[in-house]
Amino acid sequence: MSLISLQNLTKTYPGVIANDAVSFDIDHAEIHALLGENGAGKSTLVKMIYGLVKPDSGTITFQDKPFAPREPRAARKAGVAMVFQHFSLFEALSVAENIALGMEKPPKPAILSDQIREVSVKYGLTLDPERLVGDLSVGERQRVEIIRCLLQEPKLFIMDEPTSVLTPQEVQTLFETLRRLRDEGTSILYISHKLEEIKQLCQRATVLRGGKVVATCTPSAETAKSMAEMMVGTKLTTPQKIKPEFGQPLLRVQNLSVKSADPFGTSLVDINFTLRAGEIMGIAGVAGNGQDELMLALSGEIRTPPASVQIEGGFVGQLGPAKRRQRGLLSAPEERLGHAAAPDMTLTENVLLSAYHRQNLGRRGFIDFARAQIFAQGVIKRFDVRTPSAENSAKSLSGGNLQKFVVGREVMQNPRVFVVNQPTWGVDAAAAAAIRQSLLELAMAGAGVLVISQDLDELMEVSHSFAVLSEGRLSPPRDAEGITVEEIGLLMGGAEIA
Amino acid sequence: MDISAVALIASLIVAATPILLAAIGELVVEKAGVLNLGVEGMMIIGAVVGFIAAVNTQSAFVGFVAGALAGGALSFLFAILTQYLLSNQVASGLALTLFGLGLAALLGHGYTGIKPPASPKMEFFGLSELPVLGPTVFHHDLMVYFSITLVAGVWAFLKFTRAGLVLRAVGENHDAAHALGYKVVRIRVAAILFGGACAGLGGAYLSLIRVPQWTEGMTAGAGWIALAIVVFASWKPWRIILGAYLFGGVTILQLNLQAIGVDIPVSYLSMAPYLVTIVVLVIMSADRARASLNAPASLGRIFHASN
């Protein structure tokens, strides 16, 4: 008899069927993968199991009894625990306080701290209960979530994309913990789109596409490519990287140090690198190691001494974003809504925000809406942005579509230097391939491209040279050819900044 | 005429108490992640309703209860607007202040120039007879001691209780609190009501003890000062006392300086407390990183459960 069994779960939102008669079950002591593209309905499905969303129809049987949790509390009581993709943590509270908030009946603080230490030793997850969560690394924050769940001794443990923020070594530690849990009898529902990991870890996989179960498979018997094709439903092609001849240095960063304005941010320490024409440089690193600060210093949102950032020999450290744009340095930040795009403005208006000067979208100080609209439509067409028209607001687009739009808006302005942070975060595989292809084409046309990303596979795919950001310091860039994931992982952990 | 330090301290405590009450209420509201700029409006409603109730029943106690209820009722309006109808907190708070000032003027019509029933001062078995300590510390009305007890209570609630931890969590990250299954809206409404009742109590203290009579617009910016003091205190309960007494001290000092005829134009002297507040706020927020470390991270953001 299986631990949990879902029968014909259906959930519709206005205009979308998030889940359409989804049925599958998870055995006792099984690690079960839930696979699917963004928007395939994975999150909605687990939210129904965890009591955050009520299904429209269908039933769940948990431990041979009907199960319909009205709220997360009820689900936790029944033995379902969940680690969220976007952590549900409170930065200004301590580890112990955060864990207490996730428990039904927390013990006294002193006892709880001892329990936390005990569990963290048992599962090899080092953690000090008294530290502020805001001071922890992303990997450590995930440990807080995991320990919070473990203290409740769950029967079913749901993990939503747990490894997207971890270094390869941290991933291995996590897998050891999960395997030990399985051996102790806990079942795990593991959501991911990293197929190699699923092959390593999971016994069975259920594949969702467009809200429906389209396949069930044994990951160890499949290849990553065959599973990816089940997810996407079509054949996949990977972009081709050709190693070009590099041209003139375009962007030079010299002794760049930036003090972070965010109390939980990371300050940059003495960053040096040179980006040449035709080169794509990948900057790897676990989130929170100074990526945001580097992005801001390059885009011009943080000003620095003039010589610390140079575009084609000209000092621009003291200039703001608009001036840098005029000189050919364009950028696309990680946060799409609110940073890269103004949520309530239309796509046409959003185009004006960054392309006004370079695309001549003004006439004698007035906005030329006709031209702006044409440019916006061009971006929509070339990057296959799914939207009714250029007059829809930015926030009405799904994350992946908006990402295509904000990257496309900059790429179509023919930058000399293009800086992009997490270009394919939360974008489905087909769209991600299209974005990467456009970056490669940009470099082939003679621009310099700097890609900051936490996705190692992505960086290996596009970059010619490679550097790692760790605790605000950048390793010397090296040729990407021949570098192994293990070496990068060590650098990301800050092991050797040589 | 000399300025007696003893009289000065005794009267600064009285001057500070209304602000202290309003500020500790607003602190709880902001800790839950809500910015209610309507403190001034809730105070003056508390002042006028408390005054009317006290005059009609000849009981100061009834006046205080009525003041707290009136402040709470007005804040409930704010709670409905911001928590259920998801309107902007800044605009709603400002509207609440304007509404409160107008409504208070209307209600208080015909109550000017009346004396409210007196509130007895506490006697501590001879302690009140002590020189210096007696008049400064042990010879006040009940509300002064209540206000300090309330600060201690709020401090202990936020620091040691689970409900306090949940309240802080809601103010820190409402999405995460919701994901864990806490009732964000319900907790915030409760905090707003508490803040409203405290502001109303502070207002009633103004009209029943501090002044004591009803005049239109008598809060004269005390609500805004209370808001500033919450920031000054970096959202820490004990520092609220420091801030309120500092402000009360400067207010009383300038009154005394006026009385002994110091050769400075009166306008400058009456400006002094507000200038000091501004200067202190500037110093407090000079270090941006530290200031934002203490502020509740979800402060003023609208919460809407999207699923």
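Modeller: Start with the two domains of chain A. The area buried between domain 1 of chain A and domain 2 of chain A is about 1200 Å², and carbon and sulfur atoms give 64% of that area. Keep in mind that this is a predicted model.

Colleague: What makes that a buried area?

Modeller: Buried area is what two parts lose in accessible area on being put together, summed over both. The value of about 1200 Å² is therefore a sum over domain 1 and domain 2 of chain A.

Colleague: Which residues of chain A belong to each domain?

Modeller: Domain 1 of chain A covers 4-232 and domain 2 of chain A covers 249-492. Their centres, taken over C-alpha atoms, are 32 Å apart.

Colleague: How do you know that domain 1 of chain A and domain 2 of chain A are in contact?

Modeller: Contact requires heavy atoms within 4.5 Å. On that rule, 14 residues of domain 1 of chain A are in contact with 16 residues of domain 2 of chain A, so the word applies to this pair of domains.

Colleague: How many salt bridges are there between the two domains of chain A?

Modeller: Zero salt bridges are counted between domain 1 of chain A and domain 2 of chain A. The rule also finds zero residue pairs in polar contact there, with both residues required to be at pLDDT 80 or more. On the side of domain 1 of chain A that touches domain 2 of chain A, helix α6 (residues 168-183) of chain A gives the most, with three residues. By class, that side has four nonpolar, six polar and four charged residues.

Colleague: Now the two chains. How many residues does each give to the contact?

Modeller: Chain B gives 20 residues and chain A gives 26 residues. The area buried between chain B and chain A is about 1900 Å², with 61% from carbon and sulfur atoms. Two salt bridges are found across this interface.

Colleague: Why is the pair E97(A) and R168(B) called a salt bridge?

Modeller: The rule asks for a side-chain nitrogen of Lys or Arg within 4 Å of a carboxyl oxygen of Asp or Glu. The side chains of E97(A) and R168(B) meet at 3.0 Å, N to O, so the pair meets the rule.

Colleague: Which element gives the largest share of the side of chain B that touches chain A?

Modeller: That is α7(B), with six residues. By class, this side of chain B has 10 nonpolar, five polar and five charged residues.

Technical notes. Residues numbered from 1 in each chain as written. Chains lettered and ligands numbered in written order. Predicted model: local features only at pLDDT ≥ 70, side-chain atom pairs only at ≥ 80, totals over all residues. Heavy atoms only, no water. Domains from an automatic or database assignment. Buried area = accessible area lost by both parts, 1.4 Å probe. Polar contact = N/O pair within 3.5 Å; in protein donor to acceptor, adjacent residues only side chain to side chain. Helix = DSSP H or I, 4+ residues; strand = E, 2+ residues; numbered from the N terminus. Nonpolar A, V, L, I, M, F, W, Y, C, P; charged D, E, K, R; others polar.
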